[in-house]
Amino acid sequence: MIKLESKRQLFWLCQYCGWLAYALLTELMIKMPGQEPWLIHLPHLLLDTCCGFFITLWLRKLYASFRQRQVVVSAALHIICLLAASLLWTQFKWHSLQWFYGSWWQPMTWFDFGTWTSASLTMLATWTAGYYGIKIYLDNAEQRHQAAEALHLAKESQLKMLRYQLNPHFMFNSINAICTLILKKHNANAVAMLEKLCDFLRYSLYTDPLAKITVQDEIAILQTYVDIEQCRFQSGLKVVITAEPCCQAALMPSLLLQPLVENALKHGMDQNSSIIIAVSFTQAAGKLHISVSDSGAGFDPAAPAALGIGIKNCQERLQLIYPGASQLTLGSAEHGGATVNIAIPLELAGSRQ
């Protein structure tokens, strides 16, 4: 993105290069084919170019003062300034040329006046069109950049909110479970669960919510979460995590599966029963496929709101990170149990730039 100082530098670069091109073209197309001596047409060309150069600087300042006015008034002022500048430049070019020939007050014929004024007006109008064309392009590019940056910041904020929205809910459940273990005097289990909870929260707090991690790292932190829940449910909970070797280095959003496993525990397990949760990672057709299934009661199609915040947050995170390129489907197994299937683009850690 071109910044303010760069815009000034770009203007001066275009200004110098444009008038240098004007001088060269005038010399090659008008002065050299004409009959003027070198000692006359070269100094006159220099004065002509310098006068046009400074007139356009004066026009630039006037144009800046016209931007705050109404459109009709601004357009009228632009036309008046262009005509006045063209007449001024024409008179300067004519009288300076006559001065070199020694006749300062030589009047212009109507033909010369029309021809020279048309040339001056064409040149200044071209400069004005180029000036506003470049300016509008840069302003639009800056607005697009600012809009994209604002959208990016909003997306980052939303992703962070979704990530951190999960942690307090899980933390309160875990602390309550630790308190229960202490009240039941299961101190060893309470200490083990507290250590695992510290590890989980440390990872959650010090990991960038926007960063993607490998499947191997996600399995490690998911296993830490499972160990915490294992302290709560003991033998009533069994979690099986499998991953194809080719999926270990695949990238995925961090802590994506913890809320899904938590959701399976919350909705698929009663106090007097057990549950088996299976998490699998496979690769097919350029996609990373993730499945989270349980042996609970399965989804109730009549009560979608009972699914909880976990699946909803997971869906929103996937839509933000992989817009239009991810899939999340829900289903129930034939013999009971819920299944959540996720498909995301396959990215490998070693191939990231």
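# A walk from the sheet out to the helices

Start by selecting Phe 281 and Ile 290: Phe 281 stands opposite Ile 290 of strand 5. Before going further, note that this is a predicted model, where local features need pLDDT of at least 70 and side-chain atom pairs count only at pLDDT 80 or more, while totals for chains, interfaces and linings use all residues. Residues are numbered from 1 along each chain as its sequence is written, and side-chain values use heavy atoms, with hydrogens and water left out.

**Stop 1**

Strands here are DSSP runs of E with at least two residues, helices are runs of H or I with at least four, and both are numbered from the N terminus. Two strands pair if DSSP finds at least two bridges between them.

Now go to the hairpin of strand 4 and strand 5, which has 2 residues between the strands. Click on Ala 285, which takes a positive phi near 55° there.

Go back to Ile 290: what stands opposite Ile 290 in strand 7? It is Ile 342. Select Ser 291 as well, and you'll find Asn 341 of strand 7 opposite. In a regular strand, side chains alternate between the two faces of the sheet.

**Stop 2**

**Stop 2: helices across the strands**

Bring in helix 6 (residues 215-233). Angles run from 0 to 180 degrees between N-to-C directions, with axes as lines fitted to C-alpha atoms, for helices over the stretch in contact. Contact means heavy atoms within 4.5 Å.

Helix 6 and helix 7 pack at an angle of about 20°, with axes 10 Å apart. That makes the two roughly parallel (angles under 35 degrees; over 145 is roughly antiparallel, 65 to 115 roughly perpendicular and the rest oblique). To see their contact, pick Leu 222, Tyr 225, Glu 229 and Phe 233 of helix 6, plus Gln 258, Val 261, Glu 262 and Leu 265 of helix 7.

**Stop 3: helix 5 against helix 6**

Select helix 5 (residues 187-206), which packs against helix 6 at about 150°, with axes 9 Å apart. The two are therefore roughly antiparallel. Among the residues that meet are Met 193, Leu 197 and Phe 200 in helix 5 and Ile 221, Tyr 225 and Ile 228 in helix 6.

Finally, select Trp 12 in helix 1 (residues 4-31) and Phe 53 in helix 2 (residues 38-66), 41 residues apart. The count of aromatic pairs comes to 18 (rings of Phe, Tyr and Trp, using its six-membered ring, with centres within 6.5 Å). Trp 12 and Phe 53 form a tilted pair, 6.4 Å centre to centre with 35° between the planes. Planes under 30 degrees apart count as stacked, over 60 as edge-to-face and the rest as tilted.
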